[in-house]
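Subject: Structure handover

Hello,

Here is the structure for your files. My notes on it follow below.

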Amino acid sequence: MMPALTADTKAVLLLTAPLLTGRDSPDVALLSPRDYRAVAHRLAELQLRPADLLGPDTADILSEVGPGTDPRRLLQLLQRGFQLSMAVERWRARAIWVVGSGDPDYPQRVAARCGDAAPPVFYGCGEVAGCTAGGLAVVGSRHVDEALLDYAVEIGELAARAARPVVSGGARGVDQAAMRGALEAGGTACGVLADSLERAVTNRENRDWLLDGRLLLLSAVDPQARFNVGNAMGRNKLIYALSDAALVVNSDLERGGTWAGATEQLDRRRCVPVYVRSTGQPSEGLAALRRHGAQPWPNPDSPERLLDLLDSTEATGSPALAASSPDPVQPAAPAAESHLPDEARASVPTAVPRATAPPTPRPAPAAEPSAAEQVMTTVRSTCLKLLRTPRSAAEVADQLDVLRPQAQQWLDRLIAEGLVEKKPRPVRYSLTEQPSLF
Amino acid sequence: MEYSAHRALELLRLGSGIPDAVFREGQEQAIQQVIGGSHRWLVVQRTGWGKSFVYFIAAKLLREAGAGPALLVSPLLSLMRNQIRAAERMGVRAATINSDNETAWPDVEQQLAAGQVDVLLIAPERLANGRFREQVLARIAAQVALLVIDEAHCISDWGHDFRPHYRLIERIVGTLPPNLRLLATTATANQRVMDDLQQVLGPGLRVLRGDLARPSLCLQTIALPSRAARLAWIAEQLQTLPGHGIIYVLTVRDAQQVAGWLQSRGFNVRAYTGRTGEDRPELEQALLDNQVHALVATTALGMGFDKPDLAFVMHYQAPGSVVSYYQQVGRAGRALDSAYGVLLHGEGDRAITDWFIGSAFPSPEEVAAVLGALEEAPAGLTIPELLPRVNLSKQRIEKTVELLSLESPAPIVKVGAAWQLTASRLSPAFWARIERLTDLRRREQQQMQDYLALPFGEHMRFLIAALDGDPSGITAPRLPALPSSVCPGLVRQADDFLHRTALPIQPRLRWPDGGLPSGLRGAIAEDRRAAEGRALCVWRDAGWGELVRRGKYQDGRFAEELAQACAEMVRAWNPQPAPTWVTAVPSLRHPMLVPELAQRVADLLGLRYLAALQKADGRPEQKTMQNSAQQARNVDGSLVATAAPLPRGPVLLVDDLVDSRWTMTVAAALLRQHGSGPVWPVALANTGNDE
């Protein structure tokens, strides 16, 4: 059932989480996962736990925790106790729980594989044991044809027969097809959301699977957080990190989230073996992933074969990192990523922020997106704000002070990305209704 | 945080307006340790002791040291005006947000955003309100430096009064990290409640508990079975008792009846209930200023009311628990040498407290009905959308929804305006808790019976023991017992009064939301409406109530006195234009009961009786329809006019019980449509269940 909120996790939430209880929560300078790790290391050296920051000796401890972290900033964060209570109450009412990196239910695979970049907390709904169950990650794009959807459903069914979870992102298209395949075949699934966990848990179809104990929804961002590209990309690496092996069903070439997530795994993280679909319609993107080191999916034809595949721990390229204790004060060795030269990141065409906690101002990632992508990033966030109220293309053009065909082109792109919907009579564009997973 | 004893004392003197005031025992230590964050405090002291000085001075000192505002949660905001005035003298900027002052919210929000509020006072319900949480609280939640929980005994299931939203407070307090400053206050807590609070408020809790005994109070219980006798007793004693006081009653109806009786005897008293609304501050002030002899009040005149020279507290009926009783009676004689606390009891009291206990929580059927309707609606349902789908009164639906939503995890949650099922099922602990609380209420009721049986002089000891206080220093009452006899002549007059009550039946002006199957919707046209009518009594009321019940369910014929009383009532009422004929609401189940009564009333008034209406088909009894939407649908199309055209004159429309008024509304529309003049509804009893 719902895991209890530990004192350590309360401290972690105070330091790192936005604790949204409404739209007007003022901005605060939260600690990024990395900043938090630095504090946690220092606490460990002092033989202290995060919970000790909430005790009577806080002022003394904080003066020891520096340098590099302003004690006043930490104190300000730690004094958000009432806000923490209100946020936790809101989550609890919706059956959302929180596990922190020091808790036994925290997904150990993520702690071991992501190291200092591991999210300090996971928000979740459903059977918490699913956090540590591993499984087959299935990824692919939102817009695919029937044949690929059927393929994803079959993969989900196979995982169900092997009694292993499907791990996916819960997005439309391949993600949902694979999860639905698993769930409808009596199996389990873990959806790793990049936003709006709070809304997803009351969606009726999700609710029935959640109550059944077969669907686990996880998110590393605040349950009220809205969509943002950075979170979506940060989420991708968690899908890999939570699984035993990953299958890419399809991917665009050198663009899109699937490509970025897969190449990040293949080139740098190498947590788990990455496979690409090897039957059906050939794909440029998948072929290119092969060149990055992905293996062809061996098309296991029985649950036993799939289990063999999942239980062989060899990651693509180099061996997977050995699992180690998820204790926050003794985290795993830093992942390979932090030692990589910037050139390695530059090969990722879309920005891949490393942190999963969103609102913290961070230095710009070293990867330099194309000029066109930079424009589109701005357009995307501006339009998404604008379209919280449904508007016509003409109104959008007017607001952005561009010609209508330009506005139309951008709106079409946002529709293609699954972020915006077009509603008829009168034609209005609005944010995609979130988020039935199915 | 540096604590300045000098500044604290200065604030106390400013606030109290007493230049040489000093702290009471424990007050200063509590302030110092709460702001220092070293300990949380539970202050158990009677109203008037100065609990508010602890939190207002603590809040002010915190602000002066640069900390954020304090948040004070109290169900008694309306009674805190005196305390707020004291706070203002100290320079504490206090702002209140509750459901009554929504227009002031934007101002308060602005002040909050600008950091101009030192203490924000809210009612517990606010914490469950989405708009308040998201738009107001979210802005300051990160800065709250001190949380104050008033009436903290409500956190415990063992507390004597149950306030659903304290469940939410219990969880919020339980989740608070230990570094958040917390102060809890209450006037009454027995050992069991204090143990619970210790658990919730955390280790290191310090308790400041005052003496419970009230030597100035002279307590007495008097058995007077009939209500008429009790009314007579109160009227008789009020003539001689010195000073001003409160007369407590169990229901709103009782408050009106008792106040009406005493006013008819020339006493300057006023009724004070939850429905008194905006006049409440004015009435409280009138009593504080001795402008009224007494208020006749329900428990709506609550815990925070503080009049040090209150000379008596009488009870017209026995309340459900001795702790509630202690709180109510304890308002008398705070600054007097002696005061009376007299509890009258008799027939019917037990039935009322039984009803309170029985209806305190939703039944399994009610919960199943609400959850079932939500199960059918994946997008959720609003309360108005639930009404036609669930045959429960609006009040019961709201209560059910509220209690379910306060569970954790909750089986339902409000998303926008609609209630939706969540990914949690209702825990069996929900029912276990209801059972536990109901058992507790039963034991409290029994304890009250024991109290009623005590001989004069033993009452205070019993109350203190019930509160786990120290009964050793209790002394004998300082006043002689009041007589338990009552003048028979006055009892007869009270009895007459109880039989002389005519209540207005307000006409309905609109068809129900969403319209009726027959197509009627919106406003009811003026020439189709009923006029304002009269009901002889309230169903089950003292006076005529028993005769009505017997006629309807036992004898199958209404007593002659009722027909006469009806005719008397119509004569005294004298509606204009005067009715020229009489008709009755028909029934298939009891075809003769009401027409026969209407016939007799017509004869007594010398008017013509005509059976103008007929039942079109058999429907479930109207009383089985639990809310307005259901009732209106049940009546729609069920009546037809028999003779057309009808007499053109104004008509008296007779029924036995009036409940939702939909039957009267539909019947009146039919009569008007078929040519009658204005329709004057008359009923024997009003069930009082109307929404």
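Two residues are in contact here if their C-beta atoms, placed from the backbone, lie within 7 Å. On that basis, 33 residues of chain B are in contact with 36 residues of chain A. Helices (H or I, at least four residues) and strands (E, at least two) are DSSP runs, numbered from the N terminus. The largest share of the chain B side, six residues, comes from α6(B). By class, the residues on that side divide into 20 nonpolar, eight polar and five charged. In this count Ala, Val, Leu, Ile, Met, Phe, Trp, Tyr, Cys and Pro are nonpolar, Asp, Glu, Lys and Arg are charged, and the others, Gly among them, are polar.

On provenance and numbering: this is a predicted model, in which local features need pLDDT of at least 70 and side-chain atom pairs count only at pLDDT 80 or more, while totals for chains, interfaces and linings use all residues. Residues are numbered from 1 along each chain as its sequence is written, and chains are lettered from A and ligands numbered from 1 in the order in which they are written.

Chain A

Chain A has 18 helices and eleven strands. Of its 438 residues, 52% are buried; a residue is buried if 20 or more other C-beta atoms lie within 10 Å of its own, exposed if 12 or fewer, and partly exposed in between, with C-beta atoms placed from the backbone. Among contacts between residues at least 6 apart in sequence, 72% join residues at least 24 apart. The chain is divided into domain 1 (7-94), domain 2 (123-346) and domain 3 (371-431), with bounds that come from an automatic or database domain assignment. Between the C-alpha centres of domain 1 and domain 3 of chain A the distance is 38 Å.

Chain B domains

For chain B the assignment gives domain 1 (5-209), domain 2 (217-354 + 441-491), domain 3 (357-425) and domain 4 (499-686). The C-alpha centres of domain 1 and domain 2 of chain B are 30 Å apart. In contact there are 16 residues of domain 1 of chain B and 18 residues of domain 2 of chain B. The domain 1 side of that pair consists of four nonpolar, eight polar and four charged residues.

The sheet in chain B

Six strands of chain B form an open sheet with parallel pairing, in the order β8-β13-β12-β9-β11-β10. Strands pair if DSSP finds at least two bridges between them. At the edges are β8 (217-223) and β10 (269-272) of chain B, each of which pairs on one side only. Seven bridges join β8(B) to the parallel strand β13 (residues 339-345) of chain B, and B:Gln220 stands opposite B:Val342 in β13(B).

Nonpolar cores

A nonpolar core is a set of buried Ala, Val, Leu, Ile, Met, Phe, Trp, Tyr and Cys residues joined through C-beta atoms within 7 Å. The largest one has 181 residues, of which A:Val138, A:Val248, B:Ala58 and B:Val119 touch the most other members. Helix α3 (residues 51-64) of chain B gives the most to this core, with nine residues. Apart from it lies another core, of 73 residues, among them B:Ile397, B:Cys566, B:Ala612 and B:Ala667. Beyond four places in sequence, the contacts of A:Val138 include A:Ala152, A:Ile155, A:Val166 and A:Leu247.

Helix α3 of chain B also holds B:Arg63. B:Arg63 counts as buried because 21 other C-beta atoms lie within 10 Å. B:Arg63 and B:Val92 are 29 residues apart in sequence and 9.1 Å apart in space, C-alpha to C-alpha.

Backbone exceptions

Most residues other than glycine have a negative phi, and most peptide bonds are trans. The exceptions to check are these:

- The peptide bond from B:Ser408 to B:Pro409 is cis, with omega near -5°; B:Pro409 is in the loop between α16 (394-405) and β14 of chain B.
- The bond from B:Gln576 to B:Pro577 is also cis, with omega near 0°; B:Pro577 is in the loop between α21 (560-573) and β18 (581-584) of chain B.
- A:Asn299 has a positive phi of about 50° and counts as partly exposed, with 13 C-beta neighbours inside 10 Å.
- B:Asn290 has a positive phi of about 60° and counts as exposed, with 12 C-beta neighbours inside 10 Å.

Regards
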